[in-house]
Amino acid sequence: LNLGFNNLISLPEDLSQLVKLKTLKVGNNILTHIHRQVCEMNLRELEATPNPLIQPPLEDCERGISGIIRYYRCLATRDKPGKSKKTPRFIRKAINIKLMKCKEMSNSHLPVEKAAERQKHLV
């Protein structure tokens, strides 16, 4: 099923009723979230990029359905009672990379001296 280029801001709620669906393409929309229910659909292939994805992170969505399933499994493991609430390393790494890029972009319009001075205050 190809739902690309439809300006979708979210996936249809009744999408999970398509029990025989094996391939879902939702690229080139305005999706920020791929919900956990998609992992329960027995999809073989999910193409969700490009989209302004927040959850799961873009890096996981680029890996397809297996990356999204892995992301939600890690979250579920983290949220179990008695388990450590420590964020998985691959999620921490992705967040750090995004923060570094944001800092670089926020400093790119400043002269070099002012960017260095501002960097000291951000850290």
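Reader: Which residue has its backbone nitrogen 3.3 Å from a polar atom of the side chain of Asn 51?

Author: A polar contact is a pair of N or O atoms within 3.5 Å; within protein, one must be able to donate a hydrogen and the other to accept it, and residues adjacent in sequence count only if both atoms are side-chain atoms. Here the residue is Leu 31, whose backbone nitrogen lies 3.3 Å from a polar atom of the Asn 51 side chain. The backbone oxygen of Ala 48 is also placed by a polar atom of that side chain, at 2.6 Å.

Reader: What should I know about the model before going on?

Author: It is a predicted model, in which local features need pLDDT of at least 70 and side-chain atom pairs count only at pLDDT 80 or more, while totals for chains, interfaces and linings use all residues. Residues are numbered from 1 along each chain as its sequence is written, and side-chain values use heavy atoms, with hydrogens and water left out.

Reader: How many helices and strands does the protein chain have?

Author: Helices (H or I, at least four residues) and strands (E, at least two) are DSSP runs, numbered from the N terminus. The protein chain has four helices and two strands. Read from the N terminus, the order is β-β-α-α-α-α.

Reader: Where is Asn 51, and is it buried or exposed?

Author: Asn 51 sits in the loop between β2 and α1. Buried means under 20% relative accessible area, exposed over 50%, and partly exposed in between (1.4 Å probe, protein chains only). Asn 51 counts as buried because its relative accessibility is 9%. For the protein chain, buried residues make up 28% of the 123 residues.

Reader: Which residues is Asn 51 in contact with, leaving aside its neighbours within four places in sequence?

Author: Contact means heavy atoms within 4.5 Å. With those neighbours set aside, Asn 51 touches Val 26, Gly 27, Asn 28, Asn 29, Ile 30, Leu 31 and Leu 58. In the protein chain, residues 24 or more positions apart account for 18% of the contacts with a separation of 6 or more.

Reader: Asn 29 is on that list. Where does Asn 29 lie?

Author: Asn 29 belongs to the loop between β1 (23-25) and β2 (45-47). Its relative accessibility is 8%, so Asn 29 counts as buried. A polar atom of its side chain lies 3.1 Å from the backbone oxygen of Leu 3. The backbone nitrogen of Leu 8 is 3.0 Å from a polar atom of the Asn 29 side chain. Beyond four places in sequence, the contacts of Asn 29 include Phe 5, Pro 50 and Asn 51.

Reader: What is phi in Phe 5 and in Asn 28?

Author: Phe 5 has a positive phi of about 60°, although it is not a glycine. Asn 28, also a residue other than glycine, has a positive phi near 60°. Phe 5 is in the segment before β1 and is exposed because its relative accessible area is 66%. Asn 28 is in the loop between β1 and β2; with a relative accessible area of 31%, Asn 28 is partly exposed.

Reader: Which residues does a cis peptide bond with omega about 0° join?

Author: That bond joins Thr 49 and Pro 50. The peptide bond from Gln 55 to Pro 56 is cis as well, with omega near -15°. Pro 50 lies in the loop between β2 and α1 (58-61), and Pro 56 is placed in the loop between β2 and α1 too.

Reader: Which side chain makes a polar contact of 2.9 Å with that of Thr 32?

Author: The side chain of His 33 does. Thr 32 lies in the loop between β1 and β2 and is partly exposed, because its relative accessibility is 26%.
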